[in-house]
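Let's work through a few exercises together. Have the sequence and the 3D view open, and try each task before you read its solution.

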Amino acid sequence: MAAFRRRWPSVRISVKMQHAGSETDIDNQDFDLCVSAINPGGKVTNAERGTSLSAVAVMRRGHPLSERARIHVADLDGVPLIRLLEGHALRARLDMCFFEAGLSMAFQHEASSALIACRLAATSDDIAIVDRLSPLVCPPQDLAVLPFEPEVRMPYGFFYPYGIVSQDPMIEEFANEIRKRILIFDSFPPGQEHLAAQAAADA
């Protein structure tokens with residue numbers, strides 16, 4: 001956003017985060033660009049594949065599994081987990097991972113967002129599987145972030161208002177800035193999310 005504002009200083013940017021699938025809100029609001037892991041439904045069109053990020057396992061520092069190089073789904077057999085609420089795209093992918101491995105998810109808590117799941121994981125003995133951006137909500141000294149296997153990549157799409165045939169150059173430039181910085185972020189290995197975010201911000 002800072003890079004975009006340097007080029008377009010007079011443009012006001014308003015950002016709203018909401019649970020994917022809130023079609024009513026999207027229908028009733030004016031927007032220029034929606035970035036989502038799933039098609040948000042409602043009055044959107046001209047969907048474009050943006051990029052993707054791998055899911056990661058997060059847990060408190062000092063957790064018995066926090067010193068491993070990576071977390072495999074088999075390592076989570078019987079381990080207390082924090083599960084995302086139904087409707088999250090990542091939850092469906094993780095449910096399939098456990099099903100294919102012949103395992104049941106031993107969840108004790110459910111979270112309405114990956115951000116909340118990270119905060120819960122940082123202060124409990126439970127583990128959460130989340131997108132790579134969400135661990136930024138916690139200080140790195142509080143939360144261990146490890147690669148998760150089998151790899152689950154979450155695609156992020158760009159969605160535009162229904163009926164728009166060609167995009168405003170400013171909106172396209174803003175989307176390109178997001179794409180570029182997500183690629184920079186993804187070039188860093190899991191566990192270096194804060195360094196990755198700083199590098200992306202400085203680009």
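**Exercise 1.** In which loop is Pro-150 found?

*Solution.* Before we start, note that this is a predicted model, in which local features need pLDDT of at least 70 and side-chain atom pairs count only at pLDDT 80 or more, while totals for chains, interfaces and linings use all residues. Residues are numbered from 1 along each chain as its sequence is written, and side-chain values use heavy atoms, with hydrogens and water left out.

Step 1: Find the strands; helices (H or I, at least four residues) and strands (E, at least two) are DSSP runs, numbered from the N terminus. Step 2: Pro-150 sits in the loop between β7 and β8 (153–161). Step 3: Look at the bond from Glu-149 to Pro-150, which is cis, with omega near 0°. For comparison, most peptide bonds are trans.

**Exercise 2.** Find the buried residues of helix α4 (residues 114–122) and explain why they lie on the same side of α4.

*Solution.* Step 1: Buried means under 20% relative accessible area, with a 1.4 Å probe and protein chains only. Ala-114, Ala-117, Cys-118, Ala-121 and Ala-122 are the buried residues of α4. Step 2: They share one side of α4 because they cover an arc of only 135° around the axis, where the arc is that of the directions from the helix axis to the C-beta atoms. Step 3: Recall that an α-helix has 3.6 residues a turn, so residues three or four places apart point the same way.

**Exercise 3.** Which residues have the most contacts inside the largest nonpolar core?

*Solution.* Step 1: A nonpolar core is a set of buried Ala, Val, Leu, Ile, Met, Phe, Trp, Tyr and Cys residues joined through side-chain atoms within 4.5 Å. Step 2: The largest one has 42 residues, and Val-58, Leu-76, Ile-127 and Phe-148 have the most contacts inside it. Step 3: β2 (44–60) is among the elements that give two or more residues to this core, and β2 gives the most, with six residues. Step 4: There is also a second, separate core of eight residues, including Val-11, Leu-33, Tyr-160 and Ala-175.

**Exercise 4.** Which residues does Ile-127 touch, not counting residues up to four places away in sequence?

*Solution.* Step 1: Contact means heavy atoms within 4.5 Å. Step 2: Among the residues that Ile-127 touches are Ala-57, Val-58 and Met-59. Step 3: Continue along the sequence, and the partners of Ile-127 also include His-63, Leu-65, Leu-76 and Val-79.

Notes: Buried means under 20% relative accessible area, exposed over 50%, partly exposed in between (1.4 Å probe, protein chains only).
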